[in-house]
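I opened my notebook to look around a new structure and jot down what I found. Come along and check each entry against the picture.

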Amino acid sequence: VLAPFAASLHTRALRRADLAIVINDRLAESAKKERSTLPVFRLEDPPLVAAPSEADVAAARLLRDELRLGDAPVILYTGNFEPYQGVDLLAAAAALVPEAAFVFVGGAADDIAAVEGRMDADTRARCRFVGMKPPGDLPRWLALAALLASPRTLGGNTPFKTYTYLAAGRPVVATRLDTHTQVLSDETAFLVEPTPQALADGIRAALADAEGREQRAARGAALLAREFSPARYREKVAVAYAALARPA
């Protein structure tokens, strides 16, 4: 019922704006389509945290013991449990990767119970749902991971977690959808089709390829430093606002 009203406000804002700031190419195209002469600046999210420190790595070892993960490689997911995030896709893939443990950071209690309820007993025994954690604790969880998972199934905006994952210096496995490929590529991540089998195969291939994991993580960190670091973010903000000082 409210969609037409919201659309009219969106259109009015773009038509009256002096410039637009967007977070990806898709939104830039949308803004330009509405008003081709509008100056548009792309300003991606900076990472939420820096790379894990030695203290974070030590804390991750304690987490491994607390969660009784043994020596299993950890596939880590962070984020909410909304359907578009693909948590059920990752849970289904977990059933096909018995050699790994899966840790889910985030999600409300009801959402966690629903995902666990759809798992068989063997898969559930290898999964840990730790609920929501404060941002300050995130580096130790990232340090725990052999792989960081972003299994999104829908959407056009790049997940905020993508930049934090790259900053963590850990290899990323993500679905090969526009939501990810606006930033990630086969050079910087393990990209897979959004099916349980393809995701499981990608995880297993990544776990078997130590050199590939190291190379992708290094390229991802370099990409972040070059284009999406906090320093680069400040530069892009300055460029966008400097445009307001120029004659129309």
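My entries go from the whole chain down to single residues.

**Entry 1: the whole protein.** I started by noting that this is a predicted model. I looked up the secondary structure and found 12 helices and eight strands. Along its principal axes, the C-alpha trace spans about 65 × 45 × 30 Å. I then checked the radius of gyration, which is 20 Å; a compact globule with 248 residues would have one near 18 Å, so the two agree.

Entry 2: I looked up burial next, and buried residues make up 45% of the 248. The protein exposes about 12700 Å², and carbon and sulfur atoms supply 55% of that area. I also looked at contacts between residues at least 6 apart in sequence: 67% of them join residues at least 24 apart.

**Entry 3: the sheet.** In what order do the six strands of the open sheet lie? I traced them as β5-β4-β3-β6-β7-β8, with parallel pairing. β5 (127–131) and β8 (190–192) stand at the edges with a single partner strand each, so one side of each has no neighbour in the sheet. On average, neighbouring strands are turned by 20° against each other, direction ignored.

**Entry 4: two strand pairs.** I zoomed in on β3 (residues 74–78) and β4 (residues 101–105), which run parallel and are joined by five bridges. Threonine 78 has valine 105 in β4 as its bridge partner. Between β6 and β7, also parallel, I found three bridges. There, alanine 149 has valine 173 in β7 as its bridge partner.

**Entry 5: β7 and the helix across it.** Which way do the residues of β7 point? Val172 and Ala174 point one way, Val173 and Thr175 point the other way, and all are buried. Helix α8 (residues 160–168) lies across β3, β6 (147–150) and β7 (172–175), and runs at about 170° to β6.

Entry 6: The largest nonpolar core here has 33 residues, and Leu76, Val103, Trp141, Leu142, Leu144, Leu148 and Leu184 touch the most other members. Elements giving two or more residues to this core include α3 (54–66), α7 (138–143) and α11 (210–228). Helix α8 gives the largest share, five residues. Apart from this core lies another of 27 residues, among them Ala91, Phe102, Cys127 and Ile203. I then picked out leucine 148: leaving aside neighbours within four places in sequence, its contacts include Leu76, Leu142, Tyr165 and Val173.

Entry 7: Most residues other than glycine have a negative phi. Arginine 68 is not a glycine, yet I found a positive phi of about 55°. Arginine 68 sits in the loop between α3 and β3. Is arginine 68 buried or exposed? The relative accessible area is 66%, over the 50% cut-off, so arginine 68 counts as exposed.

**Entry 8: a lysine to compare.** I finished with lysine 236, in helix α12 (residues 230–242). Lysine 236 has a relative accessible area of 12%, under the 20% cut-off, so this residue counts as buried. Leaving aside neighbours within four places in sequence, lysine 236 is in contact with Arg42, Leu43, Glu44, Glu227 and Phe228.

Methods. Residues are numbered from 1 along each chain as its sequence is written. This is a predicted model: local features need pLDDT of at least 70, side-chain atom pairs count only at pLDDT 80 or more; totals for chains, interfaces and linings use all residues. Side-chain values use heavy atoms; hydrogens and water are left out. Two strands pair if DSSP finds at least two bridges between them. Helices (H or I, at least four residues) and strands (E, at least two) are DSSP runs, numbered from the N terminus. Axes are lines fitted to C-alpha atoms, for helices over the stretch in contact, and angles run from 0 to 180 degrees between N-to-C directions. Contact means heavy atoms within 4.5 Å. The radius of gyration is taken over C-alpha atoms; the globule rule is 2.2 Å times the number of residues to the power 0.38. Buried means under 20% relative accessible area, exposed over 50%, partly exposed in between (1.4 Å probe, protein chains only). Accessible areas come from the Shrake-Rupley method with a 1.4 Å probe; for residues, only the protein chains shown count as cover. A nonpolar core is a set of buried Ala, Val, Leu, Ile, Met, Phe, Trp, Tyr and Cys residues joined through side-chain atoms within 4.5 Å.
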